[in-house]
Amino acid sequence: MKRFVLFFACLASFSLVAAQEVLNWKDNEIVSPVVNDDNSITISLFAPNAEKVELTGNFLYAGKDTPDKYADGDWRPQLMNKDANGRWTLTTPPLKPEFYSYNLIVDGVKITDPKNIYTVRDIGNRYSVVLVGGGVDGLYAVKNVPHGTVRKVWYDSPTAGLRRRMTVYTPAGYETSKRSYPVLYLLHGMGGDEDAWEELGRATQILDNLIAEGKAEPMVVVMPNGNISQEAAPGEGSKGLVVATTQYPKTMDGNFEKAFPDIIQFVEKTYRVKKDKPNRAIAGLSMGGFHSLYIALNNPNSFNYIGLFSSAVNRMAKDGDTLSYIYKNVDEKFKTLCKKSPKLIWIGIGKDDFLSKDDDSLRAALDKESYKYSYLKTKGGHSWRNWREYLANFAQKIFK
């Protein structure tokens, strides 16, 4: 009897191992994502025991007339199709060149694509990503061109009372050259940090490609952390593996703007950059556009180029119970800034952006001073899809 029990136990064990090998074999067959010849994307997942698998991403409704929350934010999921072998698939329509983000939802649980090693973090969420056609005008791809260098550097901010981290891009040839370069200060939005423009915005690829094509001047690009109470991106500071949030204190109450000279002083002491107004630019998205505007308004002799991408210009908060001097006498500050004649104030926003009223008030303030700014209104809303395009446009117009 013991022999029969042992035989059946071995048989069951063999069957389990064999079944597992079959499952593994089927899983290993899957490649995901696949960019097809027509620029559609096929996403696949092997999940034979799942009852429902959905795909959510910013490509599902690309180009369609859908509400902004579906086009760029809360992406409405689509049900994937399951075959007899337990493989779930969905193929999108042909897509425009872009850097797309997506997630899978398996029986209600949102995950990244286990077959896709490429992911990005946006605030507290992680997304799988796929690049189609090199992105807009091919600028988001890593090409066989001279590449700049990206550093994560720490600087002392006496104003903030912290040692803080930022990302600095130096163009190809910086290390071997003796020349000094113009500098662009590039600011992120609410919930972002010093990693946002490099990882989500493809800023380094955009700059490498534009400079290599002779469409942008070689420049140093400084991407600081706009959350002035924060040392660095989540997990990079002394507080350890903290949770990312959009609710950092002191973000729009004047404290970052007050501390910005600490950044400029560090950059001009550490890097070979030109130290005058004609060779300084500042730009930012959303909260970063807010910061860029008020830094420029309070320092009218500092920046010759100002880029405002979907800027949250009317969102100032109070420091304690008092509105910071940074945000007072705005009409007079606009008047002074325009009299100082910056060479370019560049404004971009999506037609469905929830900050459209802020955009209207910004342009009204400049119109009042008869300042001729550059303006671009694009499709879509408050999204990286727009901000990457705005950076590429702005970078081609500065320091010339």
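Is D360 buried, partly exposed or exposed? D360 comes out as partly exposed, with 41% relative accessibility (buried is under 20% relative accessible area, exposed is over 50%, and partly exposed is in between, using a 1.4 Å probe and protein chains only). Keep in mind that this is a predicted model, where local features need pLDDT of at least 70, side-chain atom pairs count only at pLDDT 80 or more, and totals for chains, interfaces and linings use all residues. Residues are numbered from 1 along each chain as its sequence is written, and side-chain values use heavy atoms, with hydrogens and water left out.

**Salt bridges overall**

- The structure has 17 salt bridges, each being a side-chain nitrogen of Lys or Arg within 4 Å of a carboxyl oxygen of Asp or Glu.
- One network of salt bridges links K152, R165, E194, D195 and E198.

**R363 and its two partners in helix α8**

- R363 pairs with D359 through a salt bridge at 3.0 Å, N to O.
- Those two sit four residues apart in helix α8 (residues 356-368), so about one helical turn separates R363 from D359. Helices here are DSSP runs of H or I with at least four residues, strands are runs of E with at least two, and both are numbered from the N terminus.
- R363 also makes a salt bridge with D360, at 2.9 Å from N to O.
- For that pair the spacing is three residues, again within helix α8 and about one turn of the helix.
- As for burial, R363 is buried at 18% relative accessible area, and D359 is buried at 4%, whereas D360 is the partly exposed residue from the opening question.

**R280 and E268**

- The side chains of R280 and E268 form a salt bridge, 2.9 Å from N to O.
- R280 belongs to strand β15 (residues 280-285) and E268 to helix α5 (residues 255-270), so this pair ties together parts that are twelve residues apart in sequence.
- Both ends are tucked away: R280 is buried with a relative accessible area of 10%, and E268 is buried with 15%.

**N386 in helix α9**

- Helix α9 (residues 384-395) is where you'll find N386, a buried residue with a relative accessible area of 4%.
- A polar atom of the N386 side chain lies 2.9 Å from the backbone oxygen of G381.
- Leaving aside residues up to four places away in sequence, N386 touches G350, T378, K379, G380 and G381, where contact means heavy atoms within 4.5 Å.

Note on methods
A polar contact is a pair of N or O atoms within 3.5 Å; within protein, one must be able to donate a hydrogen and the other to accept it, and residues adjacent in sequence count only if both atoms are side-chain atoms.
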